There are 2 protein chains.
Amino acid sequence: MQVQLTSPLDMHLHFRSGDMLKTVAPLSSKSFAGGLIMPNTTPPITTKEVLLEYKQEILDATNGDNFTPYMTLFFKDDYSYDFLKSVKDEILAIKLYPAGITTNSEGGVSSLSIDNLRTTLEAMSELEIPLCIHGESNGFVMDREAEFIPIYKQLATAFPKLKIIMEHITTKASADAVLEFDNLYATITLHHLYITLDDVAGGMLQPHLFCKPIAKRPEDREALLNLALNANEKVMFGSDSAPHPRSAKEAPGCAAGVFTAPIALQLLTQLFAKHNKLENLQAFVSDNAQKIYGLKPIEKTITLEQKEFAIPAKYKDVVPFMANQKIEWRIV
Amino acid sequence: MQVQLTSPLDMHLHFRSGDMLKTVAPLSSKSFAGGLIMPNTTPPITTKEVLLEYKQEILDATNGDNFTPYMTLFFKDDYSYDFLKSVKDEILAIKLYPAGITTNSEGGVSSLSIDNLRTTLEAMSELEIPLCIHGESNGFVMDREAEFIPIYKQLATAFPKLKIIMEHITTKASADAVLEFDNLYATITLHHLYITLDDVAGGMLQPHLFCKPIAKRPEDREALLNLALNANEKVMFGSDSAPHPRSAKEAPGCAAGVFTAPIALQLLTQLFAKHNKLENLQAFVSDNAQKIYGLKPIEKTITLEQKEFAIPAKYKDVVPFMANQKIEWRIV
């Protein structure tokens, strides 16, 4: 049995930079026609010059593959209208991180009040630049995403023409909230469709499954599956594939992030096939994102076949999700 | 400032065996007058012969210190009355593990129905042998302890003369349940008075804080603090100090257990002092256990003084709770 996907897109993707980028970018470009590149590099992407350099670094690393890096800026509350206008054609979105909430987010926003964000968000709204948000509070780890929902609602109400993407949602509360406002959308990762906190910390502790937001409860995963498997038009695939060197994952103080890029399409196909929802996979991994962002990706067909595939133990120094496990689908 | 504790007791303690026992047993005997020694060694303690050998191993390792190892058997549903009678004088309690629920519990009980447990529990009740339980279901990691509470209540009702100790409680639900039945009691660990899931997985992932039951929510810790700091007579200190070699903690598939024995009294004193509850510390770390178990421990005075103490990075190959951190109290 085979499945053909047209121009699959990964709408939430970390490439890092330097050697890590050289390792992971070609793995994404092998599977996908394009991806939304997160700007939380070190330092973060906040100027046009750095943005263009970073884009070139990605193009160089994926040379020969047909892959479009959709670039993002790291949200600052003092971006001017003129600056955003000057950079608009080079970016697809701007990503907002609350300060200190995840990897390389120290320079993020420390006050999320509407007043503090108004200037930049009004400019974005007028220029039709979507806003992507890592929506977590500083509260208790299992409550952070739910506690952030009122902020999503305030923003969606205050800026009705601004498209707001709730990134990597993990809870039933978010799955409900995204349906409430016309201008709210969401990405869902691969790993949050597969795992709950039980997989991270219910048996032995599994650092390679530790991420932010942390995987939640079974009923939360069910709510995400319900949106994804039915390809609800408010959601799209974004892997949040986040590579760290093995040494940073397998030590006390383990970094947050799950590396899924090279096996994402295979495991999505396995999941949708298992639930008899293969007919919705194309929309979840490409068509929905095209509509939400108004994209016309390059034409690229990825064919998967139902044949056993053993996920490698490592890609260079990066351990992938479900390393060493045998799965049922592979890319032809 | 000084605090004197008379015959402190640690009523839930893992010594393991062999070299590990030689490393950790003297650290407990330095601080405590006695401790309840858990039977989940490899293999578990299920015969009188092995029990006496294990007791001798502990006495040899703590030679020169005044420390009483209160021994336990690993619960089996086919212990006969005659066997239990023959071993009664050598044990203080019997510890029940649901099968597979934590370290070395594979041989635990697979059916917790009253009918299945009746023979052994009736004999224990008649012989006045207390029952200690690791009370977790096989459910979602954050719900396991709460899901086990109906079983505690069934047992407490069916065997009203049997003293049942809810080991290492971590939730408000358990803190409430222990007060509901005259024959229910509980131990509370040091680490569950200090940490929540936020400390384990809210920032970076911290394997040395990973244990079973996993640390829960802030309101759960508050409920435990309320019982412990007020030295509620239904609760007593049990560290659940659980040493693992560093290599087993700092790798994927990290073993469950927090090693607290050598710094438990210091950190309890710091905690009770911070909350202006030092007058209740003696009851929590000794007097309550004496009443619950009907113990008369050896006389041993431990003096602590308010003076900075740096917790070592390791004790041989075992990393303690709060390694390398400076605390305010030390043993004189």
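**Ground rules.** Residues are numbered from 1 along each chain as its sequence is written, and chains are lettered from A and ligands numbered from 1 in the order in which they are written. As the model is predicted, local features need pLDDT of at least 70 and side-chain atom pairs count only at pLDDT 80 or more, while totals for chains, interfaces and linings use all residues.

**Entry 1: the two copies.** I laid chain B on chain A and got an RMSD of 0.0 Å, with a turn of 180 degrees and a shift of 0.0 Å along the axis (least-squares superposition on the C-alpha atoms of residues with pLDDT of at least 70 in both). The two copies are thus related as by a two-fold rotation axis. The same surface serves both, since 100% of the contact residues of chain B recur in chain A.

**Entry 2: the interface.** I found 22 residues of chain B in contact with 22 residues of chain A (contact: C-beta atoms, placed from the backbone, within 7 Å). Helix 8 (residues 197–201) of chain B gives the most to the side of chain B that touches chain A, with 3 residues (helices, H or I, of at least four residues and strands, E, of at least two are DSSP runs, numbered from the N terminus).

**Entry 3: strand 5 of chain B.** Which strands pair with strand 5? I found strand 4 (residues 68–74), joined by 3 bridges and running parallel, and strand 6 (residues 131–133), also parallel with 3 bridges (pairing: at least two DSSP bridges between two strands). B:Phe74 has B:Lys95 as its bridge partner, and B:Ile94 stands opposite B:Leu131.

**Entry 4: the core.** Which residues touch the most other members of the largest nonpolar core? Of its 208 residues, A:Ile94 and B:Ile94 do (core: buried Ala, Val, Leu, Ile, Met, Phe, Trp, Tyr and Cys residues joined through C-beta atoms within 7 Å). Leaving out residues up to four places away in sequence, I listed the residues that B:Ile94 touches, among them B:Phe75, B:Met124 and B:Ile129.

Conventions: Buried ≥ 20, exposed ≤ 12 C-beta atoms within 10 Å, placed from the backbone. Contact = placed C-beta atoms within 7 Å.
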